[in-house]
Amino acid sequence: MPPSSHQEALPPVITVSHVSKTFGSGDAAVTALDDVSLQVAPGEIFGVVGQSGAGKSTLIRTVNLLERPDTGSVIVDGQELTTLSDSALRRARQHIGMVFQHFNLLESRTAQGNVELALELAGTDSRDRKRRASEILDLVGLGAKAGSFPSQLSGGQKQRVGIARALAAEPRVLLSDEATSALDPETTRSILELFKTINEQLGLTVMLITHEMDVVKGICDSAALLEHGRVVETGGLVELISTPGSRLAADLFPLGDATPAPGTTVIDITFSGGSADRPVIAQLARDHSLDVSILGAVIESIGGSQAGRTRLELPGTPAQNAAAVDDLRDQGLLVEVHSADAAGGVS
Amino acid sequence: MIDVNDPNFWPQLWELMLVATGETLYMVGVALIFTVLLGLPLGIAVVGTERGGLFERVLGSRRLSAVINWVLNFIVNLGRSVPFVILMVALIPVTRFLVGTSIGATAAIVPLSLVAIPFFARMVEIAIKEVDAGLIEAAHSLGATRWQIVSKVLVPEALAPMVLGLSTTVTSIINFSAMVGVVAGGGLGSVAIRWGYQRYSVIHMIIVIIIIFIIVMVLQWLATWGARRLTHRSGDTGKRKRMFESVAGG
């Protein structure tokens, strides 16, 4: 669900403002982040998507200052990180959990030992460490494997240890750097489910980066699209989908590229909420006596409600179909009209 | 003058060997302690002061780190490249200053340590460089200090290859300890020189060789066993061991 109204009143947990980061200098300089600003509300799961090389990884690493931005500010949980002293930054990092693509577990320690490391670094005393580590391993569903070394665990189990380690010091924010990219689809699903569970049970704010749209569709409340180091789009998923021309929506719900016949009208209908349940297309065909062809359609459930888009082909020019389009808009549907040109393209 | 049939021959020989073995183990053991105490931090310092290392800004200065790194590398390379026989002789004044004499097993500890420290430091350097940079990043994300990263991440994760590196180091200390016999350093090397070489006693030579061989075998076996116990990755102890032996260069 998008942050509900009482949450929206709360200040964001993560605020990244005008952050830029350039690697190298002179001709070899690469701008990884270019004036990036975004906000993550408390309790939400925020996804940053983009192609590889778009700067996603650099972005998430600036949130706990593993990467120090050249300019701009990073505020996590009300604390401006860029001006902190080394020791204050270390303390702040203890409240920002991070999960990595390649797990980054110590091979020399058991699952339990890896989780305890986080507590040792946070200064928890030895008795509490053991208890807390067992608790948290139970939470991630790995209680039975506490004594196993990473080499004895599967990828999914290793990532559960990684998540347990990140959660051990009771952070308010969890950062996930492509946590599921090294995992098979089924394991990915189970790890995403775990993210969802801890997000709900612990009220933890999660910021994740991924190149997989399925991850965003699966668990995110909000998302940002990063391209060449810039935020191209950001917002709640449901809002984005009902935004005409949204790149994220198009990426999330690709309609395929079936070619319409020349001289026809192509319309994209965006459904959200209740409209997804109504027989919109049948009604359109009946009321306007149209031979409607479906060129592409996607219906997904986002945060428990149905949303989706359909691309239809109607015979005749857009002008001839104006009445039908108006009728659809009157039903509260979002409609984009294109006319198919002679070459079969859509404009 | 070597009379195998003399009733005192064998008891004397065994006593001689026992004392010499004791001296060798004493020299090697003490030198080893110094080697670990100084070689480990030296190796860590060499890796740490490199560009992008944990201590790339000593006292906030990148330049100071670079200078320290250069000096440490120079020391390590110098120690590794000067032939031991030359080092041993060149160090006689230093040894006399530190120990008060340049003769005997205690005096031998000085050149043995000084040759082994850079050798082991290089082993430590290689072992630590093998630790995945992701682990250091994860430790940073958990709010670790640099010292905690060294003590809780780098050293434990590099322990198995360091143990193997140590065994290669011990083997060369034993090797060099025999050479100390040339300058009256005591131990099995002295026996080989005084009896085997100067008095043509084949039997002394053979026994010295057998004892040294046994010591090296036992240490190698212990190190491999220890490293395997410390390694929780499957099947790369052998690979690492070979890597270290190729670096040690025999």
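In strand E7 of chain A, A:Val173 is the bridge partner of A:Ile96, and this pair belongs to the parallel pairing of E6(A) with E7(A) (residues 173-177), which runs over five bridges. Strands here are DSSP runs of E with at least two residues, helices are runs of H or I with at least four, both numbered from the N terminus, and two strands pair if DSSP finds at least two bridges between them.

The model is predicted, so that local features need pLDDT of at least 70 and side-chain atom pairs count only at pLDDT 80 or more, whereas totals for chains, interfaces and linings use all residues. Residues are numbered from 1 along each chain as its sequence is written, chains are lettered from A and ligands numbered from 1 in the order in which they are written, and side-chain values use heavy atoms, with hydrogens and water left out.

E6(A) and E7(A) lie in an open sheet of six strands with mixed pairing, in the order E6-E7-E8-E3-E9-E10 of chain A. Because E6 (96-100) and E10 (230-236) of chain A are edge strands with a single partner each, one side of each has no neighbour in the sheet.

Elsewhere in chain A, E1 (residues 14-23) and E2 (residues 30-40) pair in the antiparallel sense over seven bridges, with A:Val16 partnered by A:Leu38 in E2(A).

For chain B, an unreviewed UniProt entry lists transmembrane regions including the two below; such annotations may be inferred rather than shown by experiment, and positions follow the numbering used here, with feature names shortened.

| Chain B region | Helix | Strand | End C-alpha distance |
|---|---|---|---|
| Residues 25-49 | 96% helix | 0% strand | 35 Å |
| Residues 70-92 | 87% helix | 0% strand | 27 Å |
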